[in-house]
Each structure stands twice: as C-alpha cells, then as structure tokens.
Amino acid sequence: MLEFVWLIPLFPAIGFVINGLFGRRLNRKAVGPIACTAIGLSAALSSVLFFALLKQPDRFFEKDIFTWILSGQLSVAVGYQVDALSIVMALVVSWVSFFIHVYSIGYMHEDPGYPRYFTYLNLFVFMMLNLVLANGFLLMFVGWEGVGLCSYLLIGFWFEKDSASNAGKKAFVVNRVGDFGFLLGIFLLVVHFGTLNFSQVFDRAPEILTTSTATTIAVLLFVGAVGKSAQLPLYVWLPDAMEGPTPVSSLIHAATMVTAGVYMVARCHVIYQMAPLAMAIVATIGALTAIYAASIGFAQNDIKKVLAYSTISQLGYMFLGVGVGAYSAGIFHLMTHAFFKGLLFLGAGSVMHAMSGELDMRKMGGLRKLTPITFWTFLIATLAISGFPPFSGFFSKDEILWQAFQQNRLLWAIGFVAAGMTSFYMFRAVFMTFFGECRAPQEVKKHIHESPRIMTVPLMILAALSIAGGWIGIPHALKGANRFHEFLSTAIRTSPETGGSAAAKIHLLLASNQSTAELAKHGLVSAHPPVDPTEYTLMALSVGIALVGLAVAYLLYMAKPVLVERFVASWQRLYRLVLNKYYVDEIYEVLFIDSLKGLGRGLWKGVDTFLIDGAVNGVAYVIRILSDLMRRLQNGLVQSYALSMVVGGVVVMGYYVIRVIFF
C-alpha cells in the first residue's frame with residue numbers, strides 16, 4: 001500500500017488542473033466539491049498509509065518515481081518517503097486543509113474569483129505535501145518555493161486592493177531573503193555528500209561533517225526557516241498576510257507554509273545534533289520570538305492581527321522545542337497548533353461573516369448569544385492555546401517548557417512568561433468579541449447571525465481535535481504513554497532521555513536503526529524513565545501563569561475596563577510603541593526599503609541614464625556631426641565640385657611653391 005504514496009500529492013494536483021483549466025466554465029456547485037474531493041482523497045489515503053506504516057517493522061518506506069537530474073556524479077530523483085515524521089505532517093496538512101476547503105465553500109460563495117481561489121488552494125496543498133513527503137532536499141525545496149508562490153497568489157488574491165497586492169509582494173520578497181540562506185545550505189550538502197537524498201545524507205553525516213561544517217549548514221538552513229516560519233527578524237510579512245481571505249490565513253498559519261521551517265529542522269535533526277551552536281541559535285531565536293510577538297498581541301485591535309502575532313509566538317515555541325533537542329515536542333505542538341489555530345482563524349472568519357466583514361474588536365462585543373457555535377468553538381481553541389488542561393495545547397506546550405527547563409533555565413523563563421502573555425491576549429480577544437454589549441452600528445446589528453452549517457461543522461470538528469488532539473501525547477508524569485513521542489522516535493532517532501553526547505546518541509541509534517521503544521527492550525534506554533517531581537511543579541506553574549493571564553484579562557476588559565483607559569493615559573509612549581509594533585516596519589522602511597530605492601535611483605540615473613545611455617547617445621551624436629560634415633562635401637552640385645577642385649588645385653600648387661621658395 002505504501003507504494004501509492006505518490007497519489008497523496010497527485011490528488012490536489014488533479015484538482016488544481018481541473019479547476020485551473022475549466023473552473024470558469026464549470027458550475028460553482030462543482031468547483032468547490034472538486035477541490036474538496038481532491039484534498040479529501042489525499043487525507044483518506046494519508047490515513048490508510050498511516051496504518052500501513054504501523055505494520056512496517058522499521059516504519060520506513062522510500063520510493064523514487066523517476067530520475068530528475070543526472071549530471072556527472074550527481075543524480076537526483078523525484079521520490080517520496082513515508083516515515084513517522086512525514087506521515088504525521090501529511091495527516092495534519094491534508095485533514096486540516098480539507099476542513100478549510102469545506103469551510104471555504106460557504107465563506108467564499110459570493111466571491112467573483114471563486115474558481116481561481118480553489119485553484120490556488122489546491123496548488124498550495126499540493127506544494128506542501130511535496131515538501132513534507134519528499135525524500136530529498138531538492139524536491140523539498142520545490143515544495144518550499146511552491147508554497148511561497150501560492151502564498152503570494154493567495155495573500156494578494158484581492159489584487160485590486162493596493163494593500164493586498166503589496167502584502168503579497170512583501171511576503172514574496174521577505175521569503176526570498178531566507179531562501180537565499182536555505183539554498184546555500186543545500187549547495188554545501190551537494191559539495192560534501194554528492195547527493196541530496198535524506199537517507200544518504202543523514203546516514204553519512206556523522207562520518208563526513210565536522211562540527212564547524214555541520215554548524216554552517218545548520219545555520220544556513222535555519223535562515224530559510226526564519227523566513228518561511230516568520231521568526232525574528234524576518235517575521236514582518238506574516239501580519240500583513242491577513243489581507244488574504246480568512247480561510248487562506250487559516251491555511252497558511254495552521255496547515256501549511258509557516259510550519260515548514262519547524263518540520264525542516266526536525267527532518268534535519270541529525271545535522272543539528274552535531275551543531276550545538278546552531279541549536280542554541282534556533283532555541284534562542286524561538287524563545288525571543290515567542291515573547292516578542294506575544295507582547296505585540298497585547299495592543300492589537302484587529303482580531304486577525306491578534307491571531308497572526310499569536311502564530312508567530314507559537315512558532316517561536318516550536319523552535320524553542322526543536323532548538324533544545326525536543327524534536328518530537330516541537331512537532332507535537334505543531335500538530336496541536338494546527339487544530340486550535342486553524343479553528344481560531346475559521347472562528348474569526350465566522351465572526352467577520354456575522355459582523356458584515358468587521359475586523360476591529362472595539363466594534364464587536366455581545367456575540368456570545370448571537371453566534372453560539374462560533375463562541376464555544378473559539379473559546380475551546382482559546383483554552384487550548386492558553387495551555388489549560390485537558391486541552392491539547394497544554395500537553396504540547398508543557399512538554400516544550402519541561403524540556404527547555406532541563407536544558408536552559410533562562411529560555412524556560414522566557415517561554416513561561418510568554419505562556420502567561422498568550423493567555424492574556426487571547427482572553428482579551430474573547431472578552432472584547434463575545435462579551436459585554438455589542439458596539440457595532442445598528443445597521444450591522446440587524447444582520448448578525450450564526451454561520452451556515454458548511455462553516456460551523458468544520459469549526460466543531462476542529463474544536464473536538466483541539467480538546468482531544470493532545471491526549472496521544474500525555475506524558476509519563478501524568479500516567480500517560482506519550483504515544484506520540486514513541487511513534488516519532490522511529491524517525492527522530494535521538495532523545496534527551498538517552499543521555500550521553502549528541503554524536504554518541506546519533507551513532508548509537510543510526511547504527512542500530514531502532515526506535516527508542518525497541519532500544520528500551522534491550523536496556524539501552526529507559527522506556528519509562530523515572531518522573532522528576534520538578535515536572536509536576538512546572539505543570540502547576542504553567543497552569544498558574546495561564547490563570548493569571550485569564551484573570552488579568554477579565555479584570556481589565558470585563559470587571560474594570562476603566563483601568564485600561566487609565567493605563568493608556570499614564571503610559572502613552574509605551575502603549576503607542578506596542579500598538580505600532582515597535583516601529584519595526586518603519587525601521588525596515590528606512591534601513592532597507594529607502595536605501596534600496598536610493599540605490600535603484602542611483603543606478604538608474606548614474607549608470608543607466610548617464611553612463612550607458614550617454615555612451616550610446618554620444619557615439620550617435622559624434623557620428624551625426626561627422627555625417628553632417630561629410631554631407632556638405634557630397635551635396636550633388638557640379639559647381640561645388642568644380643570649386644572644390646579649383647580650391648584643391650590652388651592648395652596643392654601653393655604647397656609646392658612655398659616648399660620651393662622656403663625649403
């Protein structure tokens with residue numbers, strides 16, 4: 001059955017071709033179902049392959065479809081790989097995308113670009129599935145660039161608006177900066193390994209790479225992840241990406257694109273384990289991004305912008321996890337985040353649907369009773385992202401914090417504070433949107449209503465996943481089996497529990513080619529390591545900080561809103577600083593945009609106009625002067641020629657006379 005892995009990305013490609021070529025001629029009732037069926041088939045096949053993989057002894061399957069590049073010693077094939085890591089990503093991408101596709105039928109039903117929208121959406125999922133199922137860096141890079149292209153197309157979907165087209169261009173340009181580093185990392189891999197196949201690279205990495213080379217490659221690859229996953233300092237494109245349709249925001253933030261960087265680091269964990277400095281950089285950037293983006297979420301009034309900065313912050317958590325070596329914890333949070341962040345964006349879309357497109361939370365309020373399904377599902381997602389047990393986000397975030405605490409107390413402290421901040425800004429959004437009196441204009445109030453079932457059913461399914469999605473990773477400390485970690489251990493062949501140096505762990509596990517569970521049978525690792533009492537303390541602190549965030553949000557936005565006004569009045573400069581996102585966009589404008597524009601103008605006027613055009617035009621001018629002079633000699637008049645002959649004869653004779661007399 002695993003032989004049919006290539007069908008997973010093929011189904012969305014077929015949907016893309018059908019809607020792309022015939023979408024404008026097809027009935028609207030056919031376009032949406034075609035796109036949904038394509039993704040649904042991918043999701044169903046991913047599920048079938050998941051169970052087929054469980055029956056594989058080594059839980060690994062690889063298949064080359066055809067040879068793509070053959071040049072000298074370098075041979076690159078288009079091939080796919082099914083292991084625990086890729087199948088988890090395929091399941092997350094295909095199923096969450098499927099729910100977003102279904103939701104989109106209701107959300108976009110009146111949009112004139114309906115066929116184009118679903119065409120792009122299918123292409124987006126096709127590229128992401130190629131990225132996560134590829135068995136080599138080159139096909140992964142094709143998917144990597146493909147999702148970048150699709151994000152450009154979908155963020156600027158309403159291209160007639162300057163803000164949307166500019167946001168699309170901004171996303172495209174910023175991602176190219178990161179991709180430059182990613183490409184350099186791939187080039188170094190070709191130089192050192194002569195292949196781009198994952199298995200061949202990772203199997204030989206401990207023998208071929210020195211620590212410095214591994215660090216260089218790991219850092220360059222991470223530069224690509226910084227751009228794709230919107231980390232400091234290349235995060236600026238993601239908040240502007242809200243210009244696209246809301247389901248697109250959900251797709252980008254939950255199921256595709258921004259999670260690609262986290263997946264890439266986890267996939268390349270063998271190289272990162274050999275580069276402690278690179279891992280420290282990943283963890284530090286992740287922790288700083290988590291708290292930085294959370295602070296901006298405090299003051300945003302656009303509900304989608306709040307969620308956008310929340311995504312950046314949560315991605316920071318994931319990088320904190322993989323940066324401290326807790327790869328399975330990072331992927332675990334990626335999975336649970338896909339459920340509750342997808343739900344939050346679709347919930348925001350449902351709110352906009354009810355509020356006639358309104359995004360400003362200051363003009364909302366009181367939607368709790370008017371849109372009950374949207375409210376309850378949004379609240380569930382908020383509880384999950386805030387880290388309240390037993391919701392999914394609690395288990396994944398708590399595992400990252402626990403692993404960070406064991407590696408670096410400062411990074412844990414940053415993540416811990418950011419957890420409280422997340423709870424605050426998310427409940428601030430809930431209280432401003434769903435509680436109190438509705439602050440919308442009377443005309444808008446008349447039309448507030450719950451979304452149709454085609455939009456609310458996906459909300460309810462994602463809400464169920466936001467609750468129970470984390471239960472497969474209940475840690476041993478809570479008497480769980482942490483099955484998610486055990487499953488991933490066959491693909492991520494290292495664990496903080498194994499002890500010893502990173503290189504030793506890699507050699508041990510690669511040599512044995514066994515999972516942590518299998519190694520435990522031989523006594524090489526502990527299947528159920530003793531529980532550290534500190535873990536319980538950290539869990540209690542994690543829940544406590546989330547409660548503090550909730551309580552502060554309730555105090556400021558429900559019990560005593562006047563305190564917010566007093567704070568803003570007393571701390572005007574601080575408030576404006578956070579409200580304006582620390583003026584980073586303006587700083588970038590001065591440092592990069594204006595200077596690049598100045599450079600462009602200098603090249604235009606100095607090099608192009610003066611030097612190149614001046615040289616070409618100067619040659620033409622000289623030729624014209626010479627031609628004009630020559631034209632006067634060849635005027636076609638016999639009298640002129642006779643006069644010229646006489647003058648010439650006089651000159652010649654004069655020359656000889658002067659020569660005879662004086663010389």
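**Close-up views of a predicted model**

**View 1. Arg 176 and Asp 179 within helix 6.** Arg 176 and Asp 179 lie three residues apart in helix 6, about one turn of the helix. In this predicted model, the two residues form a salt bridge whose closest N and O atoms are 2.5 Å apart. Asp 179 has a relative accessible area of 3% and is therefore buried, whereas Arg 176, at 23% relative accessibility, counts as partly exposed.

**View 2. Arg 176 and Glu 145 between two helices.** Arg 176 also forms a salt bridge with Glu 145, with 3.2 Å between the closest N and O atoms. This pair links distant parts of the chain: Arg 176 belongs to helix 6 (residues 162-193) and Glu 145 to helix 5 (residues 137-155), 31 residues apart. Glu 145 is partly exposed because its relative accessibility is 24%.

**View 3. Arg 631 and Asp 628 in helix 28.** A salt bridge joins the side chains of Arg 631 and Asp 628, at 2.8 Å from N to O. Both residues sit in helix 28 (residues 584-633); they are three residues apart, so about one helical turn separates them. Asp 628 counts as partly exposed, at 28% relative accessibility.

**View 4. Surroundings of Met 421.** Met 421 is located in helix 19 (residues 409-434). Its relative accessibility is 13%, so Met 421 counts as buried. Leaving aside residues up to four places away in sequence, Met 421 touches Ile 291, Ala 294, Ser 295 and Phe 298. Leu 577 is 156 residues from Met 421 in sequence and 17 Å away in space, C-alpha to C-alpha.

Methods: Residues are numbered from 1 along each chain as its sequence is written. This is a predicted model: local features need pLDDT of at least 70, side-chain atom pairs count only at pLDDT 80 or more; totals for chains, interfaces and linings use all residues. Side-chain values use heavy atoms; hydrogens and water are left out. Helices (H or I, at least four residues) and strands (E, at least two) are DSSP runs, numbered from the N terminus. Buried means under 20% relative accessible area, exposed over 50%, partly exposed in between (1.4 Å probe, protein chains only). Contact means heavy atoms within 4.5 Å. A salt bridge is a side-chain nitrogen of Lys or Arg within 4 Å of a carboxyl oxygen of Asp or Glu.
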